[in-house]
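Trainee: I have a model open and want to learn how to read it. Can we go through helix packing, strand pairing and the ligand shell?

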Amino acid sequence: MPNILTVANCPSENTARLLDAVTHGVLQVECDDLVCWKRTPLEASAEDVLWADGIILGTTENFGYMSGLIKDFLERIYYPCLEQTQGLPFGFYVKGGLDGQGAKTSVERIVTGLRWKEICSPVVLTGDFCADFERQCEELGQRMAAGLDAGIY
Ligand SMILES: Cc1cc2nc3c(=O)[nH]c(=O)nc-3n(C[C@H](O)[C@H](O)[C@H](O)COP(=O)(O)O)c2cc1C
């Protein structure tokens, strides 16, 4: 404890930087037992989700929705996890071009169905890429790790 799973699609250098920032935030929390698994959406399985004490998703907004890769991941794990992961601490970030709201809403609808527990408001990042985007993702990772370590979530 705690086991943290990250699943994010990273089609670009910017999105890879965001995921790195999340991981960096998680690993900043000093906790001997902390394990962080970074899975690509295609690798990630229901077993990974069942293993996790907390999960962080990252998606781009594509065509006003979450990325196809994250949708595929959620479709594959939905029923195998539905009964066993209710209350799973969860956080996510969206990287959009100019909008991001469609991706945010689509993820929220599915995790509401899963009854995962959102630990904080989603991080929605749009417009010109800047260092503050990485800071927000780092904070998301830190928040998950620190909250699980402290037994808050
Ligand atoms: C096929 C496709 C559809 C996209 N649709 C949207 C969209 O609906 N809304 C939006 O804000 N950005 C959209 N984008 C922009 C992506 O979200 C953006 O390229 C992604 O966040 C990566 O950001 P980067 O270019 O800063 O690396 C789209 C990109 C692609 C390739």
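**Reading the packing**

Mentor: The crossing of H1 and H5 is right-handed. Keep in mind that this is a predicted model.

Trainee: How do I describe two packed helices?

Mentor: Two packed helices are described by the angle between their axes and the distance between those axes. Here H1 (residues 13-28) packs with H5 (residues 131-149) at an angle of about 40 degrees. Their axes are 7 Å apart.

Trainee: Which residues in H1 and H5 meet?

Mentor: On the H1 side, they include Leu-18, Ala-21, Val-22 and Val-26. On the H5 side, Phe-133, Cys-137, Leu-140 and Met-144 are among them. By class, the residues of this contact divide into nine nonpolar, six polar and four charged.

Trainee: Now the strands. In which sense do S1 and S2 pair?

Mentor: Parallel, over five bridges. S1 covers residues 3-8, and S2 covers residues 35-39. For a landmark, find Val-7, which stands opposite Arg-39 in S2. The chain runs from S1 through H1 to S2, a right-handed β-α-β crossover.

Trainee: And the ligand: which residues come nearest?

Mentor: Ser-12, Asn-14, Gly-96, Gly-97 and Asp-99, out of 16 residues around the ligand.

Trainee: Which elements give two or more residues to that shell?

Mentor: H1 and strand S3 (54-62). The largest share, three residues, comes from S3.

Trainee: How does the shell divide by class?

Mentor: It has three nonpolar, 10 polar and three charged residues.

Methods: Residues numbered from 1 in each chain as written. Predicted model: local features only at pLDDT ≥ 70, side-chain atom pairs only at ≥ 80, totals over all residues. Pairing = 2+ DSSP bridges. Helix = DSSP H or I, 4+ residues; strand = E, 2+ residues; numbered from the N terminus. Right-handed = clockwise from strand over helix to strand, strands pointing away. Axes fitted to C-alpha atoms, helices over the stretch in contact; angles between N-to-C directions. Left-handed = near helix turned anticlockwise from the far one by under 90°. Contact = placed C-beta atoms within 7 Å. Nonpolar A, V, L, I, M, F, W, Y, C, P; charged D, E, K, R; others polar. Near = placed C-beta within 6 Å.
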